[in-house]
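Trainee: I would like to go through some side-chain contacts and the terms used for them. Please show me the sequence and structure.

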Amino acid sequence: MTSRLKTSTGVSRRGFLAGAAALAAPYVVPASALGANGRAPANDRIGVGAIGVGGRGSGHVGAFSSNSQTQVVAVCDPFEKKREAAKKRVEARYAAEIDAGTYKGCGAYADFRDLLARDDVDAVVIASPEFWHALHTVWSVKTGRDVYCEKAMTLTHYEGTAVVQAVRRHGRIFQLGTQQRSSSNFRFACELARNGYLGTLKRVQVGVPGGRGLANVPPSPVPPGLDYEMWLGPAPYSPYNNVKCSYNWYFMYDYCIGWIGSWGVHHIDIAQWGAPSLVDSTLDIEGTANIPADGIGTASTAWDVNLTAPQGVVLNFTHNGKNPQGCRFIGDKGWVHVNRGGIKADPPSLLKLRLKPDDEHLYVSRGGHHGNFIECIRTRRDPVAPVEAGHRATVLTIISDIATRVGRKLTWDWKTERFVDDDGANRFLRRPMRSPWTL
Amino acid sequence: MKPLLQLTLAVALLGLAAARAAEPPDDAKALDDALAVLKTYEHGQPRKTLTFLESAVAHATKDAASRRRVADRMVALLADAKTTHTAKVFICKQLLLVASEAHVPAVAKLLDDPKTAEMGRRTLEGIPGDASLQALRTALARLKGAQRIGAINSLGIRRDAASVPPLATLLRGSDQAAAAAAAEALGKIGTTAAATALAATEPPKALLAAWNDAELRCAANLADAGNAAAAAALYQRVWTSRRPVWCRLAGLSGLARVDAAKATPLVLQALGDEDPAVQAAALRLTEEVPGAEMTRSLLARLAGLDAPGQVRLLGVLAERGDRSAAAPVAKLLDGKDEQVRVAALNALATLGDASMVPRLAAIAAGQGGAVQAAARNTLGALSATGTDERIISAAAAGEPSVRVELIRALEARRCAAATPLLLKAAADPDDGIRAAAFSALAATGNAAAYKPLIGLLLAAKAPADARGAERALIAVGTRIASLDPRVDPLLAALKTAPAPPRPALLRALGSCGGPKALDAVRAQIASDDKPSQDAAVRVLAGWSDLAAAPDLLTLARTSKSTVHRVLALRGYLRLAGETTDRAQRLRMLESVRQIATTVEARKMLLASLADVADPAALDVAAAFLDDQPVHAEAALAMLGVGKTLLGSDRKAVQKAMKTLLEKSKDKTVVKQAEALLAEALKPPRPRGAGNVPAYDKKRSDEMKADVAKRAPKGYTVAAYLNCGPDSVAGAKGKPTLKLIEGGAYSWSGSDVRYATIFFTTSQVLFEATGLNPRKTYQLGFSWWDCDHDTRVQSVWASAGRGRGTKLLGPTKLPSGPKNQKAEEKVVPLPRQLTVTGSVRLMFRNEATPNVVVSEVWLLESDAESEVKITMPEPRPKGGTPVVVLTGIEYPGHPWRQTAPALADLLVKDPRLDVEILEDATLAQAAKLRNYKVCVLNYMNWKKPDPPAEALATFQKFVADGGGLVMVHFACGAFQKWPEFVKIAGRVWNPKLRGHDPRGTFTVNFTDIPHPTTQGMKPFETTDELYTCLDGTTPIQILATATSKVDKKLYPMVFVLTYGKGRVFHCVLGHDLRAFEADGMRELYRRGTAWAAGLPPVAPAR
């Protein structure tokens, strides 16, 4: 195999290596490895493709197109308007480079496989609806791409294990969009909890926004400019209506388990980061939820679930009508509460505390969540929100949802990743996909 | 949801509440009833029954018997030819959770029909056991195309080892999509046979990614099954293949996972690969592959590398964390290259131990730059046991610069055990050592350091020492849990202390808080010593609780120093803003208002108000609006407080902004106030059913009994809904009320009766069914404009689709903001609407922001009428939809009469379904696409033309093929819109003579042959003869009339096309008199049919 930046099947691997390899002598760590710091030359930027460029996705497109290390080369969305708008914004940003002939324009596709067929896409940012995350991720990693994927990681538990395995077997970099991990307040709260500064950890309380109901809506013709078949993908077929394809899919169980998952993952992820015993052995899960009695919104809008680890730590997970927004670690000597608005603690002196060298220090993400991802593409190290953590956090929300739906106490075993002695509950863990999609 | 609750819900939604209330719960019955509803289900219908079934199925997963019971029933429905496809899709989703082997034959039947094959295959995939596998295997042989791919995928997911031979055949077949799917499936199955099949076939280039993924997955599965050797062989095959690098590398790392020994030399070799991608991946693997062999091999290469190579290798060694590398790494500290030294220091943070302390401290003290920073960092980070003790002993004596570094390290390491050493160091003759010691004490000092630090503070000579001691004292104080041990030593010191350290002691007291400390601080306000007095005021202004409030108020009023008055007032207002007791806050704000006697004080008060999130703050600010010197500040304060209150008290914001708009002339303020007011006026946002209390039979029955007390004589309450919680009431065969359209919401803080509502932006719709045709009915309801005072609503009833009959015209709702209570109303329902047994009841929005209903009930007469009402013959369904668009006209044109007249003449053509849409502003223009023809009986005479988007929608409707019929003054509908003349052909030109005086004239037909007017005879009519139509758009004139005034001929009817749309333009139809001419009615009927693309005359039935 000779040194090539581009291979015949097309994936450019320029991204993480500044300059060409000059040293050919065997048994030498070449100077080129691990890349150089600072601004990468234009032709050494990481080529980024964006799958899903609605609200959240266009934010990512903005971030990656204004980062000097990355260059957005293609976007994909089944909505023509959305992808064309994203393409336009990207091209406006690179206007100078287009004039100089160093940027050839941004590709725009309805089908993500067309985006992945390009040979200049090194990394992919995925902000499609949740029921697509797993397929988009697995297709990206098996064609050699690194992935930044929005939360929740997957719709089902099975998809989660498929994503974890695919990322690992292809040795790709995967960052989940749980960006709270890149914020020092969240890290610090977890470090306080993990290092015994709160005493023995007793309880973790998580509150996130509840969902909302949707009216009954009749089917309507698919609007021009939407590839509905591509939008629907692996989900069970149901006709188009004017409500479901933008935003409201969050509240429809075929596409997302609701904000118990989508929002839940953010703070549940912090809970497990600070209280690893929650994802260590087994959990007893019991809870209730409010699912709208009518309308096409089929995900829960309010819930109250207790997940109890055998060591006695209880994770109480509710919509924010009950627990306040955020994650609160409560020990027998104090508590710390963290959310995006800030961090509070009792006693307040906890907040001034600094860790000792032999305390457990958590991963420090630099340059924000995107920056950490880009750095890891170059170093080939795991980012701050790696795939296993994303899977565990997502699974915590999925099993919470299942417990409220079946209305009985369940026990989850992290070793087998199955409910103990409950065949019925285990059948919620996977949903067969519409052909040709599979994982 | 609890089973009992479910059942209640199910019964209620099936309309059986009254019939079954006394009987014990019956799960099976509820399930069967729900399935009966499901059977005819289509998308868009209420989903309640489905929600119930989803919940029932989820609960039934608890054991095999329950699963079986539910699945049996659902499978039976699946086999029923009368079950809708939508229902079958739903059933299949549910069967995934409950079906067992027994149901496989029924599900497998779905594979026979292409419409259901796909969902059948998915359902089989989800049914555990061999029966479903057998069905899938059979399907694999039989199915083609996408369905076969589905079967391959299912067998892969199920890891069906028995399918390896047929899949291996597909692997070699010509169908590439099937081959790729088969490869992936074999990877999932992951047996040695699957591995053999994959290895036996060379992947086509296009399928490389699928193949590679399959082989890697197969290898992982083999490894999981304990067959490491087979896995390693497969991984090695991938690594040595001629595939692209990104494919191969995964093989190498897989190999490293299953066989480190075999992987080590390969990884080391890959480090020297020409391809940078291989190098980078290999480098990462060197970190992952465990074992001393790898460490030794890497160290052996360390000395021979150039500097950048060494830097990278040091990073690898640090990542590996193998401490046996510490000594060789430390050797590199002697080198010259700065980057190598930094990298070595960084690596030692992980690899090093206590023995490195002296060396690191010397480097940290020795030179600046990156090396010093790295050495300091490593000293702080060394995690081996014994490191703290080593640093403490080293810091006790020696070269001052080295001791400073060691003390810094103790601070970085939060080493509490260092307190005695640090106290000693804080009295050291060396300036640097003292400063470092104070800083470290602040960070780490324990309670034992507290009193000594007071001593150090009193003894401090240099200002830097005093500052350092004060900082450390306060910091250490926060680590002491109880108050007295913190306060008492300070008070003792204050008694005897000379003036200079007194301010510092006061600040330390301030950090403690509590009554004792407060007394001491208060006493110093009268101090002769200026610095002490100043410190006391500042400490008081920052006091943590309300105890200091009276002092601050006094100071704010009486202090001679302006600065102190300002500080005190700010402190006081801060405390007012922080207090959670509202009454207290009100009192405090009020007292500030009284003392704000100067302009300056009032400005300060107003500037501080913006942070106080209380309506009282708005009142305080509003009181200053008339005070010209501070008017601007008052306005700003109101805007600031208003913003903070938006989420909690919209009413207060509304009131305040209205006041502000009255009193302010400043453009910026007005603009912001208007924006805030608009925000505060926004309707409640639908938030699902979360905040609406659940249905409560007892509560509803009580309310029903209450409205029954006021029922008109001879009437009883047949059904009652407390909107929001209840959406269905009634019993089978009896009058039933049901919500069709409307979301539930609850205004917080009010009685559930009126505060829970159904609402939408346009109309809330109910259906009353089970009505007795011989009885008469009245509709009762209550409504309330709880959060606004702008709602206007009307009430309508109809026997079928369509606009229906008005029961109550636009009516203003009682306003909550004006303290009016909810209002009950009762209106009669015309019997011709109720004789069919069902009627739709509509509450329509006639203003802003949306339409709301608090309660609805149905009153039924006790007596039965003898009079038989004959119903008009039902119209055949599925006619061409036509809408008469009206709602605004020049006052001389009675649209409320002419629109129904138009509808009446049009429905004489049985092919047309006609509805009337009143839409003065074209706000509902989007609805046009529901119709084939728009009959425009509309003239926007006074207001500006509708918004551009509405006009664009209207234009698109015609251009895309919608028919347009222009009626009389519609030719003047949108006078400012340039496109209008192209659509209408000719438009009203106000500069020309308008029309002949109303009178009788003859309408003649031109020679232009046109289906619309074919065979029609001239007719006489009494109307306005329009003489001012203008435009150059090509048209076909079909009918004319001669003016009595100027004897000229004017067009009365003409047609044209616009885009794909047909336009029939007729200027006849001034009033009902004009509608009396048969010819005129015939013209409109034919013209509308033509515009709809139909033959103008309906064929005889």
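Trainee: Where do R522(B) and D519(B) lie?

Mentor: Both are in helix α33 (residues 515-523) of chain B, three residues apart, about one turn of the helix. Helices are DSSP runs of H or I of at least four residues, strands are runs of E of at least two, and both are numbered from the N terminus. This is a predicted model, in which local features need pLDDT of at least 70 and side-chain atom pairs count only at pLDDT 80 or more, while totals for chains, interfaces and linings use all residues. Residues are numbered from 1 along each chain as its sequence is written, chains are lettered from A and ligands numbered from 1 in the order in which they are written, and side-chain values use heavy atoms, with hydrogens and water left out.

Trainee: What makes R522(B) and D519(B) a salt bridge?

Mentor: The term requires a side-chain nitrogen of Lys or Arg within 4 Å of a carboxyl oxygen of Asp or Glu. For R522(B) and D519(B) the N to O distance is 2.9 Å, and the pair is a salt bridge.

Trainee: Why is D519(B) called partly exposed?

Mentor: Buried means under 20% relative accessible area, exposed over 50%, and partly exposed in between, with a 1.4 Å probe and protein chains only. D519(B) has 44%, so it is partly exposed. R522(B), at 31%, is partly exposed.

Trainee: Why are W977(B) and F980(B) called stacked?

Mentor: Rings of Phe, Tyr and Trp (its six-membered ring) pair if their centres lie within 6.5 Å; planes under 30 degrees apart count as stacked, over 60 as edge-to-face and the rest as tilted. Here the centres are 6.3 Å apart and the planes at 20 degrees, so the pair is stacked. W977(B) is buried at 14% relative accessible area, and F980(B) is buried at 2%.

Trainee: What makes R248(B) count as sitting over the ring of W239(B)?

Mentor: The rule asks for NZ of Lys or CZ of Arg within 6 Å of the ring centre and within 35 degrees of the ring normal. The charged end of R248(B) sits over the W239(B) ring, 4.3 Å from its centre. R844(B) lies over the face of W796(B), at 5.0 Å from the ring centre.
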